[in-house]
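Please view the sequence and the structure below, and then read the notes by topic.

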Amino acid sequence: RSTVNHSLVPRPQISGFWSCPALAVTSSFEKGPDTCPSLIKNHFLSSITSIRLGILEAKVKYIISGTNRPGSRSRQIANIIQELYREQGEEVGILDLAEMPFSELTGQHYSGAGLPEKWAQKIELVTKAEGLIFVVPEYNGSMPGALKYFIDHWKYPDAFEFRPVCYVGLGGLFGGMRPVEHLQQVMGYRN
């Protein structure tokens, strides 16, 4: 059971754009020890519930579980987000990096050689998505290398331009802020 430092992880309010360090998008939020539940899961659920309508307006269609670690918390949070969409009558898919065959990539795909079939299918889903939600844990002060490697194989610029992107950061003291900042730099390059 993990606890949250209440002064560092505030509960967001809806104000056009929404955010907090735990969700890692920028907006206004209230501060104070009584504004955030003590458990990360409860904080996340209450935050997502309070901003659920803001997410739905973005018409996000794919949730990317941003680590290849089997049984990760990222996947657990992705499942929660998917269920919130279902409650609103919208189906969204999950792209779980733990299901991707990383051993099939040899580096020669950077030169334009054909991608393995499963990789090509998942990248095509990203390219055609109306929007993306990244659930990204903090690994060594950044996003997982597996996520960056996945992104490096996307079609450029097609997969990066003209689509809304949401970031859910998972981490310790700073609530997943570091991996989200790095991911924002990657996605903001052309988006």
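Ser-142 counts as buried, at 19% relative accessibility; buried means under 20% relative accessible area, exposed over 50%, and partly exposed in between (1.4 Å probe, protein chains only). The model is predicted: local features need pLDDT of at least 70, side-chain atom pairs count only at pLDDT 80 or more, and totals for chains, interfaces and linings use all residues. Residues are numbered from 1 along each chain as its sequence is written, and side-chain values use heavy atoms, with hydrogens and water left out.

**Surroundings of Ser-142**

- Ser-142 is located in the loop between strand 3 (132-137) and helix 4 (145-152); helices (H or I, at least four residues) and strands (E, at least two) are DSSP runs, numbered from the N terminus.
- The side chains of Ser-142 and His-182 are joined by a polar contact of 2.7 Å. A polar contact is a pair of N or O atoms within 3.5 Å; within protein, one must be able to donate a hydrogen and the other to accept it, and residues adjacent in sequence count only if both atoms are side-chain atoms.
- Apart from neighbours within four places in sequence, Ser-142 is in contact (heavy atoms within 4.5 Å) with Pro-137, Pro-179 and His-182.

**Confidence and overall build**

- The protein chain has an average pLDDT (the predictor's confidence in each residue, from 0 to 100) of 74, and 66% of the residues score at least 70.
- The pLDDT is below 50 over residues 1-60, a stretch that has 118 contacts in the model beyond near neighbours in sequence.
- The protein chain contains five helices and four strands, which run α-β-α-β-α-β-α-β-α from the N terminus on.
- Of the 191 residues in the protein chain, 45% are buried.
- Of the contacts between residues at least 6 apart in sequence, 72% join residues at least 24 apart.

**Salt bridges**

- The structure holds ten salt bridges, each defined as a side-chain nitrogen of Lys or Arg within 4 Å of a carboxyl oxygen of Asp or Glu.
- Glu-130 and Lys-61 form a salt bridge in which the closest N and O atoms are 3.6 Å apart. Glu-130 lies in the loop between helix 3 (117-128) and strand 3, and Lys-61 in the loop between helix 1 and strand 1, so the pair ties together parts that are 69 residues apart in sequence.
- Lys-61, Glu-90 and Glu-130 are linked in a network of salt bridges.
- Arg-178 pairs with Glu-138 in a salt bridge, with the closest N and O atoms 2.9 Å apart. This pair links distant parts of the chain, 40 residues apart: Arg-178 is in helix 5, and Glu-138 is in the loop between strand 3 and helix 4.
- Arg-86, in helix 2 (residues 73-87), meets Glu-91 in a salt bridge (3.3 Å, N to O). Glu-91 is exposed at 53% relative accessibility, whereas Arg-86 is partly exposed at 38%.

**A surface feature**

- Phe-174 lies in the loop between strand 4 (165-170) and helix 5 (177-188), and is partly exposed, with a relative accessible area of 32%.
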